Amino acid sequence: MVLWVFGYGSLVWNPGFDFDEKVIGFIRDYRRVFDLACIDHRGTPENPARTLTLEPKEGSICWGAAFCIRGGPEREREAMEYLEKRECEYDQKTIVEFYKDEDSMEPTLTGVLVFTSTFDKVLNKYYLGPAPLEQMASQIATASGPCGNNRDYLFRLEKALFDIGHEDDMVIELANEVRNILGKVGKGVVLKEKKKPIGPTTTTHLPFMSFISGIQVHPMTDATVAMDS
């Protein structure tokens, strides 16, 4: 038996489990959204982080990485035990088709597992729902937890997608807004909230490594990276 798992967030750069093969590709009719709360890794119950989930959207594609676990039920069980603990905020497992070629409608892999969420605040206590760009950026800029701060999660995702050659305009726009907020806070500027929706236009990311005066960023240790979600 073979288990394939699709990663679209931190699994792309930090799978954290033993796998046999990693393939870069995408799934169709889903897009990333920062609509899920994290209260035990990069946030707290009082100040939850915003992390990724997938939102169904016809015509969209979401690039990431598929990981293969071979070797029988025991290896699959070990991988799933790790993933279910790490991805504890996700209340669904969805089976998807995985592609490598945008010009082909024939999937490279079928039966690929991906962790997803129920979009209902009553049924899913971790679902935050959408918010204006600046509100999400302000939350990401300030949240932190045992695995590090929320902004590192966003910046690492931005770089990971750049490294695989498939950047996400929403991620770039949100990361740039977080950098702008950190810069304003570092200069002592009082921020006023204003609604600004995420637009569909192509954006250019600011430098990945920005040293902001007055802002102390706490890097994650190797011990905490493994359980990041």
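Arg75 and Asp18 are joined by a salt bridge in which the closest N and O atoms are 3.0 Å apart, in a model that is predicted. Because Arg75 belongs to helix α1 (residues 73–86) and Asp18 to the loop between β1 (2–7) and β2 (21–38), the pair ties together parts that are 57 residues apart in sequence. Arg75 is partly exposed, with a relative accessible area of 21%, whereas Asp18 is exposed, at 56%.

A salt bridge also links the side chains of Glu21 and Arg70, at 2.8 Å from N to O; since Glu21 lies in strand β2 and Arg70 in strand β3 (residues 49–70), this pair ties together parts that are 49 residues apart in sequence. Glu21 is partly exposed, with a relative accessible area of 29%, and Arg70 is likewise partly exposed, at 35%. The structure holds 12 salt bridges.

## Helix α3

Of the 14 residues of α3, 10 are buried, so the helix is largely enclosed by the rest of the structure; among the buried residues are Asn150, Tyr153, Phe155 and Leu161.

Lys159 counts as partly exposed, at 39% relative accessibility.

## Gly111 in strand β5

Gly111, found in strand β5 (residues 109–116), counts as partly exposed at 48% relative accessibility. Leaving aside neighbours within four places in sequence, Gly111 is in contact with Trp4, Ile95 and Val96.

Methods
Residues numbered from 1 in each chain as written. Predicted model: local features only at pLDDT ≥ 70, side-chain atom pairs only at ≥ 80, totals over all residues. Heavy atoms only, no water. Helix = DSSP H or I, 4+ residues; strand = E, 2+ residues; numbered from the N terminus. Buried < 20%, exposed > 50% of the residue type's maximum accessible area, 1.4 Å probe, protein only. Contact = heavy atoms within 4.5 Å. Salt bridge = Lys/Arg side-chain N within 4 Å of Asp/Glu carboxyl O.
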